[in-house]
Protein chains: 2
Amino acid sequence: MTTNPTIDPNDPALRSWVPGANDPAGDFPIQNLPYGIVEGAVAVRIGERVLPLGEALRAGLFSEELASEEFLAESLDAPFLNLVAELPRSVRALLRSELAGLFAEGSSARARVEPLLRDAADAVAELPFAIGDYTDFYASLHHATNVGSMFRPTNPLLPNWKHVPIGYHGRASSIVVSGTPVVRPCGQTVASDDGPPSFGPSKLLDYELEVGFFVGEGNELGSRIDVREAWRHIFGFCLVNDWSARDVQKWEYQPLGPFLAKNFATTVSAWVVTAEALEPFLVAGPMRGPDDPQTLPYLADPDGRNVDITLEVFISSARMRAEGIAPTLISRGSFKDMFWTPAQMLAHHASNGCNMAAGDLLASGTVSGPEKESRGCLLERTWRGTEPLTLGDGAERRFLQDGDEVLIKGFCEREGRPRIGFGSCSGVVLPAR
Amino acid sequence: MTTNPTIDPNDPALRSWVPGANDPAGDFPIQNLPYGIVEGAVAVRIGERVLPLGEALRAGLFSEELASEEFLAESLDAPFLNLVAELPRSVRALLRSELAGLFAEGSSARARVEPLLRDAADAVAELPFAIGDYTDFYASLHHATNVGSMFRPTNPLLPNWKHVPIGYHGRASSIVVSGTPVVRPCGQTVASDDGPPSFGPSKLLDYELEVGFFVGEGNELGSRIDVREAWRHIFGFCLVNDWSARDVQKWEYQPLGPFLAKNFATTVSAWVVTAEALEPFLVAGPMRGPDDPQTLPYLADPDGRNVDITLEVFISSARMRAEGIAPTLISRGSFKDMFWTPAQMLAHHASNGCNMAAGDLLASGTVSGPEKESRGCLLERTWRGTEPLTLGDGAERRFLQDGDEVLIKGFCEREGRPRIGFGSCSGVVLPAR
């Protein structure tokens, strides 16, 4: 059969026959169609269902034009999204459009699609990408200023910060998918600034609320990515929890940056929301004040845009979950408040000729907003533990305790459009070994 | 046929029929047998020849016991050494022993081996590993003290340095094999400490002389590697040039460490010298003075050993190469002068549960010794450019110029043993694009 390739998946009026897809509080309307990995192969999520795309291809659900694309079949049967991200943008646009055609209310393909669907509640979504390199930025002015004021009260924001999208390399091997438990790390910590250190379980375990994006089309070593083209090099977005051991970080990070304080685990959400699905939620950005320095030309994007993603962090203790107490909302902010945009981060990263490849993950750094309630980590939210939070069971939290589950949610809302969500990014803290 | 599996490849009396293998100034005697990738598959180097191991297996050159090992065939035909590094140590020991048997003087297999050999001069050795993660340490006390005294004259060595093997994550995608040209990177640099920055080609391009090692057997996320076991988790060693743009580094590195100043290229030598081949050159280490802090138990290796690898750096300008002038020796030092040992670096890296995998690269950081002539980068060697060097053509060098070739050599020598070498790790600087 041939689906209608002219359907616009971003059409806000589009509705779907798939259960849950038209739920106004749901994350996965037909306008979203995020990709993930289920049963070791590529799948798309809609409402409460998951469609394995290799099976859909073999069932003849795609048009001749799409089905005859080189590499399509092997991309859809691969255990990671890397090959899908390497497909030409035009092919990915056609795929998304035809998927919307299959799922649209009144689709004549419904009877052939329905038997292939899995219930999302039973489908375990796996790590979406084989991540070649992972880079973490530090792109929130509020976060950088807050943390800087704790560690360098007289000099909170360093002179380079508003000129350079500061970032550093993270560890790719320890990136895990949402739902994976996280073992409390051991490390060196000190009682006073100069040591001596002792080795043992971190006492100041924290989360960092971040947004990540995966590269689609990369660049050759020695070449660059123009900031005006950079958005088109982004395949899609996810939620990220950059777990952090603050006591380890404080002692180890000079002069080369965070290392063991961060690389014991980084959690990503399972469903990758495409850049195309987020385009209706792009907003002007970044905010630069009259006293801020001029952006250097290689970072100046006349279309400079942030994505307005509302981000929420919840914590539940083991006791709360056992007693059925709802997770406690710890913070709510928006990704639109970032000083540096995703396009600027990517263009900067490649500005020295560093080669980016499909599946590389770039994360934003902690997303903190201007209010106390929008601070994206406990270090800031409890101001180094001096202003503890109270959970739903009445217990206090300065930093994370064993058994705590950190749950991050993200979604885009705009008047007149279905909400687009990211699902959840969660992990339970296990005791140190 | 069955080769003799009891042959000891480290026997210093062993000699080979392969051309060049018995050259006392050569790098690749029968006691070395480093692995690399040639023509897209695994090969071993000896003297002036290269043997493709998949072909050797198919030609029946290995014993029944070895040839019947699970995964051996696919490991040897793979385009990277990762699968070989994942083979059990006992299998790798048998392979090395049988290779020595094939190459030993008087071997009855000579007539069947000889037709499979390639001339090393024609065999282009490729990147040896698909490197999952790359970590760079900072393990030389002399380097850390020298650089610290330039940037923090009153406080050259930070309080954590003798307690923690300081390291940071590097970029895996831009690691290239010896011989690959390196494009001079562009980046943000400043005329004064506080900016404003401009964007353009780095003017202070430098090399860093390092030694790297590839992980063999890894560890699961959340588990550790005991420092007393860590040496056995190392597959082999290579030479590393961690190219560095000093002007970019100075401006960008606070507070999260080096990023674009380093990730435009890292060069590794092509032939991976196994940990087993280096065992005759292990020496006591590291040096700790009576005033140095006690090593924390998780880093205390009673067998703590460094490898005595002599390291040399040469530079030749384009003009020198055109006129046939020999490369100029810039420095000579030894890897045995490191404060932290490879085993300590690896155990520390995994001490928080970070998962290491076969093919991960850990590099030592710049190897500098106590004398001026043993400083492993131009920043130190010319003391920030204040003490320029003179090349063989009479030209001065403070930092690298376009057309310069940096050539690193490394070898192990000990009375009564054939010398074991690493071949070369080289790259020519191309002009910025």
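Guide: Let's start with B:Asn82. Apart from neighbours within four places in sequence, B:Asn82 is in contact (heavy atoms within 4.5 Å) with B:Phe129, B:Ala130, B:Ala358 and B:Gly359. Some ground rules: this is a predicted model, where local features need pLDDT of at least 70, side-chain atom pairs count only at pLDDT 80 or more, and totals for chains, interfaces and linings use all residues. Residues are numbered from 1 along each chain as its sequence is written, chains are lettered from A and ligands numbered from 1 in the order written, and side-chain values use heavy atoms, leaving out hydrogens and water.

Visitor: Is B:Asn82 buried or exposed?
Guide: B:Asn82 counts as buried, because its relative accessibility is 14%. Buried means under 20% relative accessible area, exposed over 50%, and partly exposed in between (1.4 Å probe, protein chains only).

Visitor: Which helix is B:Asn82 in?
Guide: Helix α4 of chain B, residues 82–86. Helices are DSSP runs (H or I, at least four residues), and strands are too (E, at least two), numbered from the N terminus.

Visitor: And B:Phe151, where is that?
Guide: B:Phe151 is in helix α7 of chain B, residues 141–151. B:Phe151 is partly exposed, at 33% relative accessible area.

Visitor: What does B:Phe151 touch, beyond neighbours within four places in sequence?
Guide: B:Lys250, B:Leu379 and B:Arg384.

Visitor: New topic. How many residues of α5(B) are buried?
Guide: 12 of its 15 residues, so α5(B) is mostly covered. Among them are B:Val91, B:Arg92 and B:Phe103.

Visitor: What should helix α5 of chain B span?
Guide: 21 Å, at 1.5 Å a residue for its 15 residues. The expected span is 1.5 Å times one less than the number of residues. The end C-alpha atoms are 21 Å apart, which agrees.

Visitor: Which side chain meets B:Arg171 in a salt bridge?
Guide: That of A:Asp133, at 3.4 Å, N to O.

How values were computed
A salt bridge is a side-chain nitrogen of Lys or Arg within 4 Å of a carboxyl oxygen of Asp or Glu.
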